[in-house]
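The following paragraphs lead through a structure, passing from each chain as a whole to selected details. Please keep the sequence and the coordinates at hand while reading.

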Amino acid sequence: MKKHLKLIALFVVIAISAVSLCSCKALDEAKEKQAFYTDDTKNEIVWKGETYQQIDPGKYYFISSYGFDDTLFVTEKDVPVLLSSYEGDYGTVLNDGTVISVNGKDYVIGDKYDELKKTIENAKLDHFYFTDYRYPDYEYDEYYYDRKDTYMEDENILLDDDISDAINRALKTDEKDRAEYDNLNKNVKSLMLYRCDKDMVLQDTNKTVYLVRSDDDFYVWESYSSYSNGNICPIAKDDAKLIKEFYEMYTDCFEDDNLSYYFNDNSGSSNYGYGYGDSSTSIEGV
Amino acid sequence: MVKKLIKYDFLSFFRLLLPVQLILIGFAVINRIIQLFENTDSSAYQTIFVSSCVLYGIAIATALVMTVIVSIIRFYQGMYTKEGYLNHTLPVTPTQHIVAKLLTSLLFYLGTLFAVFISFIVITLGEVNIEIFKAGAYLLKQWIIESGAVVAVYILEFILLAVAVRVTTFLMYYFCISVGQLVSKKRILLAFGVYFGLYTLSQIVSTVFIIIGTVNYRWIEDVLMWMSDHPQAAAHIYLLGALVIELILGFVYFFFSKKIMSKKLNLV
């Protein structure tokens, strides 16, 4: 009996000492995705040793990125890492780690706070960007074992200054010079653009602009604008070549005729399919 | 005398079950060593790791099943085979025999559970282990914050219920074996038949309750509503109710096993 007990004790000691403390990869990844509120007010977050302070972007919001590594869970200090996804608030990391967005609140990394505060105060949203959606190839093995490689890595692309200027000029077209969407060739393609600042940090809420192509002609149309239903603004002849070159570079990003449901009737009201406004809000005049 | 009975039973269990438990911990050690070479990009590592996890799972199931099987076999051999001739000549009552066997079986079942726990510690040795215990402590703390001191009562009720279920299950096996030995031939077959008969009976009783519940669904709705309004009381009622039922069943099995052993003993 004593011999048996000795054997058991020795086995247990060997079992424990035979393997050294070794970290698990999944655990390390989970730790990287956990941030902490510094106190109950939830005005500050600590993530990867950096402190993030809450900031109010006013009527704008920070532009999102869409990477696999850009999510995290923000929890109270005493929440263990294994429970972070259940007890924590889901957050996204924006702007290459400068901003964290959690439950509608934005937090800026300490040393960038003043800079971003100034950017918000002096924001001039006269540029545009669009999202290049990249759908992955779902090969079974790779998808199962290495999800990062097949995750949808979209990219936000800022338009050049001259293209943005051309679009802004077109949007100022007089009503009498505008075209009718219904009169366009049926093979229409459009690209959704978002208003942003020149550094692509801030975005205007609810304002989207469509760059429309019909044969070799280009138009723009802005949602929530003063334009009456069905009227779109032609790109000036001087700017057409520039826009055409842009189109040829990003043809795959244009979608087929996705504006037609905005112009279903001529009653002067439009239906907005993105949830930013009422489903039957009329466009008011300026 | 009962102490000596338990002691010799203990030794026979030990000889049979210790290797199984050591093999279980051995599989855990092997799995932990495999984790040292962790490489999630390698399909070879994934295959080996998953295979070792599957073997570990099989080892756990085998250890638990072996413990139950050894308990049944030791009871049968000790009470109703040639070994029974010796045991029944001892100055020990049938009650004491059953209690001795029951205690040893329960002890080794707990021992196997402890071995599973140790193997789990081994397999998660390192930061993972620490994080698991941290998560468990956090959840317990949250539960205590929400429910107060009554958590201790819940835990006690649950432990009592778990022990009662295990004890009643062993007593059921003893009852089946005891009924089986009433015949001179095909005793084990009859024991299996009794077991399946009891199982079928329990299913019939459950089905009857389900039918009654379906017919009187409004009453069931009222009960569910009450339970959602009084979750703590409902939990206590459930745990204590299940405990009472298990104790009643356990007593019935014990009573009839003892009666057969004392009045209808039929050794080969």
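A residue is called buried when its relative accessible area is under 20%, exposed when that area is over 50%, and partly exposed in between. By this criterion, 38% of the 268 residues of chain B count as buried. The model discussed here is a predicted one.

Chain B contains 9 helices and 0 strands; read from the N terminus, its elements run α-α-α-α-α-α-α-α-α. Among its contacts with a separation of 6 or more, 76% are accounted for by residues 24 or more positions apart. The accessible surface of chain B amounts to about 15500 Å², and carbon and sulfur atoms hold 76% of that area.

Chain A has its own composition, with 8 helices and 18 strands. Of its 286 residues, 41% are buried. Where contacts in chain A join residues at least 6 apart in sequence, 66% of them link residues at least 24 apart. Chain A exposes about 16500 Å², and 47% of this area is supplied by carbon and sulfur atoms.

Within chain B, one helix pair may be followed in detail. The axes of helix 2 (residues 43–80) of chain B and helix 6 (residues 150–180) of chain B come within 10 Å and cross at roughly 40°. Helix 2 of chain B is therefore oblique to helix 6 of chain B. The crossing of helix 2 and helix 6 of chain B is right-handed. On the side of helix 2 of chain B, the residues that meet helix 6 of chain B are B:Val68, B:Ser71, B:Ile72, B:Phe75, B:Tyr76 and B:Tyr80. Their counterparts in helix 6 of chain B are B:Arg166, B:Phe170, B:Tyr173, B:Tyr174, B:Ile177 and B:Ser178.

Another position of interest is B:Tyr138, which lies in helix 5 (residues 127–147) of chain B. Is B:Tyr138 buried or exposed? B:Tyr138 has a relative accessible area of 8%, so it counts as buried. Which residues is B:Tyr138 in contact with, leaving aside its neighbours within four places in sequence? They are A:Asp78, A:Val79, A:Pro80, A:Leu83 and A:Glu87.

The cysteines complete the account. A search of the whole structure finds 0 disulfides over all chains.

Methods
Residues numbered from 1 in each chain as written. Chains lettered and ligands numbered in written order. Predicted model: local features only at pLDDT ≥ 70, side-chain atom pairs only at ≥ 80, totals over all residues. Heavy atoms only, no water. Disulfide = S-S within 2.5 Å. Helix = DSSP H or I, 4+ residues; strand = E, 2+ residues; numbered from the N terminus. Buried < 20%, exposed > 50% of the residue type's maximum accessible area, 1.4 Å probe, protein only. Contact = heavy atoms within 4.5 Å. Areas by Shrake-Rupley, 256 points an atom, 1.4 Å probe, with all protein chains shown as cover. Axes fitted to C-alpha atoms, helices over the stretch in contact; angles between N-to-C directions. Parallel < 35°, antiparallel > 145°, perpendicular 65-115°, else oblique. Left-handed = near helix turned anticlockwise from the far one by under 90°.
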